[in-house]
Amino acid sequence: MHSEPRMSNSEALTDDEYTMRSSSSASPMSPYFYDQGRLSGEGSPMMMSPWNNNAGSPFQKVEWVPGEDGSLPQNALVGSLVREEGHIYSLAASGDLLYTGSDSKNIRVWKNLQEYSGFKSNSGLVKTIILSGQKIFTGHQDGKIRVWKVSPKNPSVHKRAGTLPTLKDIFKSSIKPSNYVEVRRHKTALWIKHSDAVSCLSLSDNKLYLYSASWDRTIKVWRIADSKCLESIHAHDDAVNAVVCGEEGMVFSGSADGTVKVWRREPRGKGLKHTAVKTLLKQECAVTALAVDADASMVYCGASDGLVNFWEREKGYAHGGVLKGHKLAVLCLTSAGTLVFSGSADKTICVWRREGVIHTCVSVLTGHDGPVKCLAVEEDRENAGGRDKRWVLYSGSLDKSVKVWSVSESMNNYQSQHQRMVSDAESLPSVSESSLSSSGWASGRN
């Protein structure tokens, strides 16, 4: 038996109910078909996932088998964090801390892979988590962004510091009729509030602004210093599944409408103005994940057809190629050093090593019993200074577990059928070629 960590439930206010979901082009046979009478999360493949995992210890360690020279394998499963309380939707890692979010509404905090603490929202499964100093921002299925702070007296205690937008701003905005916008037929809402699930959060390169993407088809920009909503961008024609910030004020968004767009942030008086720069991708299948590498030289896009497209900043975000390593939808992406990680509904994680524009699949990590929904990566501090640079990769899945991997940056090429992807104009898919659906994730929301 394992004792429960401290769970702080500091929501002082009852969360109001939202009517959810804008209309979708999905067919009635699709799991993403919109029924006007249901909420956002109901009926989605993730909510109805059949995968289960009978957990014992919350952290189940896997013993490494040393090689012939006594060294550790170049990539290895360290262990699993398992807690029977729901599918894992979100991860955030910083140093020795790992935050996990699930459809239980709990945010668990792990320290050195041991249960440390936790906190809980009143409603809304936790779709995304992002850390900014002593603040933790969580985006939820109910359309809310909640803000939490670490107690200065006890770092294991997390207290809710408010929501975005603040109650004060909601009250001030509600007075002026011009602050209401149509979010659905015969339905209006304040422009500073999301009217559907918050799917993704991202920090600007200067750490001053927070971007929130939503199924309500908008991206909202928040000033972290005073929690003000500076702008609401009607970014896409369907749910926005991903938003990620690059350098020099560049912002990228991906949507269920099949497009990836580039935006430029520019100061405008006391606020901001985002201008559409270009559309990088336009296809029929949904864009489900985005990532930018460490130096923001590459932008990666995962989609429901299982492909990962990438673009090069130095060439004005010209299309660089396609990574083909998954059989089903790519649900999450992240990068570290020269490595790119893609997690998929096919239950695997592909590890890609980049040399220029050439990407080689050096490893396929298997072990999850359900779709891999989220990824987070940190440098392996125990191996700091070593010749073989290693990373700790966390993967959250709809099998209700988080797996912990040790991955080497100098891995030998994975000997399999995964091909090296090069910048070759003849190999790039056209819109029609890349729009083929490989699974039921094709036109849905991530």
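Reader: Which side chain meets Asp142 in a salt bridge, a side-chain nitrogen of Lys or Arg within 4 Å of a carboxyl oxygen of Asp or Glu, and at what N to O distance?
Author: Happy to start there, noting that this is a predicted model, where local features need pLDDT of at least 70, side-chain atom pairs count only at pLDDT 80 or more, and totals for chains, interfaces and linings use all residues. Residues are numbered from 1 along each chain as its sequence is written, and side-chain values use heavy atoms, leaving out hydrogens and water. Asp142 has its salt bridge with Arg146, N to O, at 3.0 Å.

Reader: How many salt bridges does this rule give?
Author: Side chains of opposite charge can pair when their charged atoms come close. Counted by the rule, the salt bridges come to 10.

Reader: Where in the chain does Arg83, the partner of Glu115, lie?
Author: These two side chains form a salt bridge of 2.6 Å, N to O. Glu115 belongs to strand S7 (residues 114-120), strands being DSSP runs of E with at least two residues, numbered from the N terminus.

How values were computed: Helices (H or I, at least four residues) and strands (E, at least two) are DSSP runs, numbered from the N terminus.
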